[in-house]
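Subject: A structure for you to look at

Hi there,

I am passing on the protein we talked about, so please open it and keep it in view while you read. My notes follow below.

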Amino acid sequence: MFRNRDDMPALPGAAIGMRMVITVEGLGTFKSTLIGMEHGQCLIMKLPMMPDIPVKFFQQNFFVVRYVHAGGAYGFRTSLVSLIKEPVRLFVLDYPDKIESLNLRKNERYDCMIPAVAKILRADATPFEWQGFITDISPFGCRFEHMIPDGVKPADVTIGDIVDFSIHFPNDDAIWTLHAEVRSLNIDQKKLIFGLKYKPNPDIESQQAAKNEIGAYIEKLKN
């Protein structure tokens, strides 16, 4: 039974069709889609097939929901109100009492258009790479965009994955490569967008050199 709580906080930027990530404590993390919401009462989420939910997950805040909007990450704890299995698997979640936010952009980003390739490094994922462009950049992270060809299904990727990230700066014959973590993710039928945070391996000299090259390129953009 839903509680009518009109004074509950709004979910910043939440919109029908928005991609979210749900962590079910004890079961794992899953990609989801917001397909319905009533302020102060409930959220309706569509999730892929996952293990059956034990009774203990009802009304005990075992669910953590995270999403990204306008450069900020938002998250909240909630409980499972109801599970609908047919004809579509839907999760009805309690509306959160508290929403936490984290500004992802602690450093100024600079608009650009740099050819790049991102390759997923997760051991259990099918090897796949995306060719695209960096559309903004900072000393600590960047935005990577890949246009999805018609008829091609987007590859399996989620927030927290590590990618091998190669950059080809203008007027530079070298290709610079380093590791990066997927910090935000937006996928639709035509475009794949990553928010990446650099995570160079300090034991690999070429990765530190790539990070230094990014810093030098940003200094040129400033001037």
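Let me begin with a definition: a disulfide is a pair of cysteine sulfur atoms within 2.5 Å. Please also keep in mind that this is a predicted model.

With that cut-off in hand, how many disulfides does the structure hold? The count is 0. Take Cys142 as an example: the closest cysteine sulfur belongs to Cys112 and lies 7.8 Å from the sulfur of Cys142, which is too far for a bond. Cys142 is also buried, with a relative accessible area of 0%. Cys42 is another buried cysteine, at 7%.

Now for the overall picture. The protein has 1 helix and 14 strands. Of its 223 residues, 43% are buried. Among contacts with a separation of 6 or more, 57% join residues 24 or more positions apart. The accessible surface is about 12600 Å², and carbon and sulfur atoms account for 52% of that area.

Next, the inside. In soluble globular proteins, nonpolar side chains tend to be buried together. Here the largest nonpolar core has 31 residues, and those touching the most other members are Trp130, Ile134, Ile137, Val157, Phe165, Phe194 and Leu196. Several elements give two or more residues to this core, including strand 10 (129-137), strand 11 (141-147) and helix 1 (205-222). Apart from it lies another core, of 23 residues, with Met20, Phe63, Val65 and Leu80 among them.

Finally, have a look at strand 7 (residues 90-94). Is this strand mostly covered or mostly open? It is mostly covered, with 5 of its 5 residues buried. Leu90, Val92 and Asp94 lie on one side, Phe91 and Leu93 on the other, and both faces are covered.

Which strands pair with strand 7? Strand 3 (residues 42-46) does so in the antiparallel sense over 5 bridges, and the buried Cys42 stands opposite Asp94 there. Strand 6 (residues 80-84) also pairs with strand 7 in the antiparallel sense, over 4 bridges, and Ser82 has Val92 as its bridge partner. Strand 6 and strand 7 form a hairpin, with 5 residues between them.

Enjoy exploring!

Best wishes

Notes:
Residues numbered from 1 in each chain as written. Predicted model: local features only at pLDDT ≥ 70, side-chain atom pairs only at ≥ 80, totals over all residues. Heavy atoms only, no water. Buried < 20%, exposed > 50% of the residue type's maximum accessible area, 1.4 Å probe, protein only. Core = buried A, V, L, I, M, F, W, Y, C linked by side-chain atoms within 4.5 Å. Pairing = 2+ DSSP bridges. Contact = heavy atoms within 4.5 Å. Areas by Shrake-Rupley, 256 points an atom, 1.4 Å probe, with all protein chains shown as cover.
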